[in-house]
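Student: I would like a close look at a single part of this model. Please keep it brisk.

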There are 2 protein chains.
Amino acid sequence: MEDIVDHLAFERNKTQFDVDEMKIAGSLHAFEVSDKMARLVASDPAFRKDDRVVLDRKALFMNTLRKTAYAWKRIIELRLSEEEAAMLRSFVDQPAFTDLHWGMFVPTIKGQGTEEQQQKWLPLAHKMQIIGCYAQTELGHGSNVQGLEKTATFDPKTDEFVIHSPTLTSSKDIFLRYDFNSFDADLNSGGLVDWVSLSSCERSLDDHLPLPGITVGDIGMKFGNGAYNSMDNGVLRFDYVWIPRNQMLMRVSQVTREGKYVQSSVPRQLVYGTMVNVRQTIVSDASIALSRAVCIATRYSAVRRQFGSKKGGLETQVIDYKTQQARLFPLLASAYAFGFVGEWLKWLYMDVMKRLQTSDFSTLPEAHACTAGLKSLTTSATADGIEECRKLCGGHGYLCSSGLPELFAVYIPSCTYEGDNTVLLLQVARHLIKTISQLGSRKKPVGTTSYIGRVEQLMQYHSDFQKAEDGLKPNAVLGAFEARAAKKVIACAQNLSKFTNPEEGFQEFSVDLVEAAVAHCQLIVVSK
Amino acid sequence: MEDIVDHLAFERNKTQFDVDEMKIAGSLHAFEVSDKMARLVASDPAFRKDDRVVLDRKALFMNTLRKTAYAWKRIIELRLSEEEAAMLRSFVDQPAFTDLHWGMFVPTIKGQGTEEQQQKWLPLAHKMQIIGCYAQTELGHGSNVQGLEKTATFDPKTDEFVIHSPTLTSSKDIFLRYDFNSFDADLNSGGLVDWVSLSSCERSLDDHLPLPGITVGDIGMKFGNGAYNSMDNGVLRFDYVWIPRNQMLMRVSQVTREGKYVQSSVPRQLVYGTMVNVRQTIVSDASIALSRAVCIATRYSAVRRQFGSKKGGLETQVIDYKTQQARLFPLLASAYAFGFVGEWLKWLYMDVMKRLQTSDFSTLPEAHACTAGLKSLTTSATADGIEECRKLCGGHGYLCSSGLPELFAVYIPSCTYEGDNTVLLLQVARHLIKTISQLGSRKKPVGTTSYIGRVEQLMQYHSDFQKAEDGLKPNAVLGAFEARAAKKVIACAQNLSKFTNPEEGFQEFSVDLVEAAVAHCQLIVVSK
């Protein structure tokens with residue numbers, strides 16, 4: 001290559017803020033870790049990414065195995081901290097069989113395993129001597145996990161559960177196929193039907209073949225060239241498989257030797273705490289994904305010139321066109337906003353967990369609604385935003401070399417996983433309607449719903465926006481968003497009150513309820 | 001496979017309209033050709049599509065070569081008509097090196113070649129003894145074709161042109177690499193700079209290697225697993241390549257033996273007629289692509305059940321949820337609307353061509369604006385609509401087996417090619433502003449802009465919509481759309497009138513102008 005020319009120097013020199021200060025916005029430590037790990041990955045040829053889109057499925061999978069093992073080796077060699085290791089994995093940027101091992105399998109054992117179970121499995125899992133996966137949804141049931149068909153029936157004679165997939169639709173899908181598997185099944189024990197997480201050995205640890213009665217398979221190609229094709233999301237089916245009772249994760253609920261189902265003293269709400277945590281991570285990740293897309297589109301727009309050449313001089317930079325700015329800059333602002341709201345959610349999670357330890361469940365419903373809604377809002381906006389950035393790069397955005405097609409393909413499942421975005425907004429709406437219905441009772445709206453306590457005043461709100469500059473006054477913006485959300489929620493509540501069967505009303509007005517939930521979530525983003 | 005169960009029978013039996021009549025809406029002949037070709041492709045294992053997403057790039061390319069050659073063989077064997085052949089190729093549904101041969105190369109020779117040139121090249125092209133491509137844009141110039149850097153300099157001594165790419169950015173990209181290539185270059189002949197199409201032999205017909213001075217390459221992987229990776233869009237660079245003068249396509253403009261540039265009596269406007277035709281096809285294709293996505297999502301929504309099970313019975317069909325309906329049904333309606341407007345554009349094209357034969361250019365600017373705007377509107381809506389359909393299929397939509405990821409990947413370039421959608425809307429806006437400025441003159445607004453002639457009356461328009469049912473009255477809807485478009489266009493015109501430099505005003509208010517253009521195009525769709 002010839003000398004590298006910095007085509008962005010001209011733009012960079014025009015900066016009117018302190019770039020270093022902007023970089024470390026939030027935390028110098030976080031920036032340093034991120035920067036160090038980014039350089040480590042970028043400088044190591046073993047982590048090269050350019051061949052990812054040209055490999056066929058098998059070669060891509062092998063490539064992922066090799067990269068993941070190598071990353072693990074480097075993490076040990078360099079004695080990286082847990083934070084650094086997570087950051088390194090994120091820069092390797094290739095979905096891997098270890099993602100659910102670290103992200104779901106280990107946390108599930110930590111959260112739902114007894115002390116004894118944790119001592120047995122966690123050391124093995126940490127050393128990757130067992131590799132776990134996570135299987136929750138079934139072919140026929142995604143959002144409605146309560147409708148799962150798989151059964152776990154306790155047999156007191158053998159002290160074992162019989163796990164069975166009665167139908168094709170009860171096959172688990174979208175999970176990873178490895179030695180160990182934590183999953184949910186419908187616990188059918190002496191007439192008692194409830195939920196249980198079990199950890200079963202899905203493959204033999206001797207030859208890694210599936211155990212008798214267990215069928216595993218790959219669900220086939222997914223969106224994009226590379227994206228999630230680098231891992232083997234699978235199907236899993238049980239044909240009367242017997243597993244020992246002590247492989248049930250028994251921290252939260254137990255089945256006794258006699259087959260009696262008992263709840264432990266550990267609050268079940270802790271499970272929701274975990275959900276809040278996972279979704280908080282998704283919001284922060286939305287900011288990162290959108291930042292990457294905006295960064296690519298902004299640099300392209302600064303370098304790309306088209307039209308407007310005067311007397312044979314340079315053409316106009318694409319970034320100077322108002323039509324480009326009107327599409328790009330709000331996405332840039334959103335990337336920052338999602339970062340801030342992600343930081344705030346991290347605080348919220350810690351606050352909720354602290355309260356749960358003292359059995360204070362008062363803020364949990366609000367925190368749950370809040371993270372559900374923000375997960376939905378930020379992932380939808382980011383998915384659309386990445387595609388918009390791709391279009392802003394013209395024909396060049398269609399090439400994998402722009403990075404944008406793969407970023408889109410790998411990002412979009414986040415609109416569906418961990419709660420379908422529309423289903424989540426309906427949960428937020430339920431919470432808002434409930435909050436309205438409790439006005440006047442002793443339960444005051446808390447946290448992000450506290451504005452609903454001022455609903456009468458907000459219904460009278462009239463915007464005093466006169467000119468564009470008024471949009472720069474934070475309080476004016478906040479007031480407008482509060483009034484908008486309040487008016488939408490109240491309108492829904494009034495419509496619902498006309499129904500004798502509330503559920504019927506909820507179905508009938510679900511589109512309006514989703515709109516109200518979106519307005520509420522946009523208010524949260526604006527207010528943080 | 002076991003017996004095939006029709007999971008849609010229940011829904012199908014509820015139909016309240018004549019399905020056969022709906023199928024042939026438009027033309028029985030078109031339906032029959034389409035149906036016959038669809039069955040031909042579906043029943044022939046040589047056209048199987050299921051392996052398309054698992055092949056690596058090279059294997060996919062070989063697969064395309066084989067399929068395309070086989071399709072050609074079948075077309076000859078079965079003596080298919082031109083219409084049937086085109087339909088068969090469309091059902092093979094795999095972008096191929098022949099697409100630009102039939103879609104651009106042959107029409108360019110037909111439209112811009114002299115009688116003699118047509119007689120020389122067309123028989124060879126029709127028998128595929130020469131395979132052509134089309135190279136217009138350059139790495140540095142897409143939308144701004146007037147800024148192309150490649151030069152064609154006439155040398156009267158040798159009676160040849162010298163074709164040269166002076167810079168890296170003047171490399172042609174996004175074209176197909178074959179034996180023959182029709183392209184545009186900046187004709188530099190005796191101080192005269194103009195546009196010219198040339199047909200040059202890019203590869204030797206003996207060994208198919210590039211001729212001296214010509215560099216060809218592949219632009220690399222593009223969005224999606226299969227999609228456009230089945231063809232080799234390329235780069236092309238000329239280093240002082242000499243080609244005979246008689247390889248310039250000389251129907252519209254010529255260079256004489258002495259190097260004098262002359263216009264023929266054939267109106268240059270014919271070139272715009274071709275553009276109208278290409279864009280008309282894109283609008284019809286938008287309807288087809290959106291129909292496919294909507295069909296998949298609708299069938300899925302009818303079969304998929306989630307939540308709402310009462311007493312262990314069946315759960316609710318997803319299609320019965322209002323949130324699903326509110327997202328899906330407008331797309332279904334759009335698919336039909338784009339089909340109707342596509343049919344109308346076909347008529348418009350024929351009308352324009354008929355007028356051009358008699359040198360009547362009066363409707364050309366309006367027809368040009370109209371097709372540009374509708375190309376933009378329908379392709380943007382279809383690209384977004386396919387992705388929305390994919391999300392409506394939940395996790396299943398992320399699998400290639402749903403058909404939606406590939407449909408999206410292969411469709412989205414249409415927002416960029418044949419005119420970037422934002423650039424096209426700005427062209428529409430220019431036409432609207434010009435139409436406004438000519439009010440009061442003898443030039444009356446024609447065709448789709450004729451409502452602008454009633455602008456004073458429309459500015460007074462007040463909607464008399466009282467309830468949802470009013471939306472079913474066609475005239476009420478039309479009136480509202482007319483008034484909305486008129487108000488937006490007038491507001492823009494008023495803003496622009498404040499600028500002494502109109503171009504400056506146009507840049508400043510470009511975002512509003514795009515909005516006005518969209519309102520105008522939506523009105524066209526509603527009115528057809």
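Which residues in helix 14 of chain B meet which residues in helix 16 of chain B?

Tutor: This is a predicted model, where local features need pLDDT of at least 70, side-chain atom pairs count only at pLDDT 80 or more, and totals for chains, interfaces and linings use all residues. Residues are numbered from 1 along each chain as its sequence is written, chains are lettered from A and ligands numbered from 1 in the order in which they are written, and side-chain values use heavy atoms, with hydrogens and water left out.

Now the pair. Helix 14 of chain B spans residues 474–496, and helix 16 of chain B spans residues 510–527. Helices here are DSSP runs (H or I, at least four residues), numbered from the N terminus. From helix 14 of chain B come B:Val477, B:Leu478, B:Phe481, B:Glu482, B:Arg484, B:Ala485, B:Lys488, B:Val489, B:Cys492 and B:Leu496. They meet B:Asp512, B:Leu513, B:Glu515, B:Ala516, B:Ala519, B:His520, B:Gln522, B:Leu523, B:Val526 and B:Ser527 in helix 16 of chain B. Contact means heavy atoms within 4.5 Å. By class, this contact has twelve nonpolar, three polar and five charged residues. Ala, Val, Leu, Ile, Met, Phe, Trp, Tyr, Cys and Pro count as nonpolar, Asp, Glu, Lys and Arg as charged, and the others, Gly among them, as polar.

Next, the geometry. The two axes come within 9 Å and cross at roughly 155 degrees. Therefore helix 14 of chain B is roughly antiparallel to helix 16 of chain B (angles over 145 degrees). Axes are lines fitted to C-alpha atoms over the stretch in contact, and angles run from 0 to 180 degrees between N-to-C directions.

Finally, the copies. A rotation of 180 degrees with 0.0 Å of shift along its axis superposes chain A on chain B, with RMSD 0.1 Å. That is the relation of a two-fold axis. The superposition is by least squares on the C-alpha atoms of residues with pLDDT of at least 70 in both. The same surface serves both copies, as 100% of the contact residues of chain A recur in chain B.

Key
Helices (H or I, at least four residues) and strands (E, at least two) are DSSP runs, numbered from the N terminus. Angles under 35 degrees count as roughly parallel, over 145 as roughly antiparallel, 65 to 115 as roughly perpendicular and the rest as oblique.
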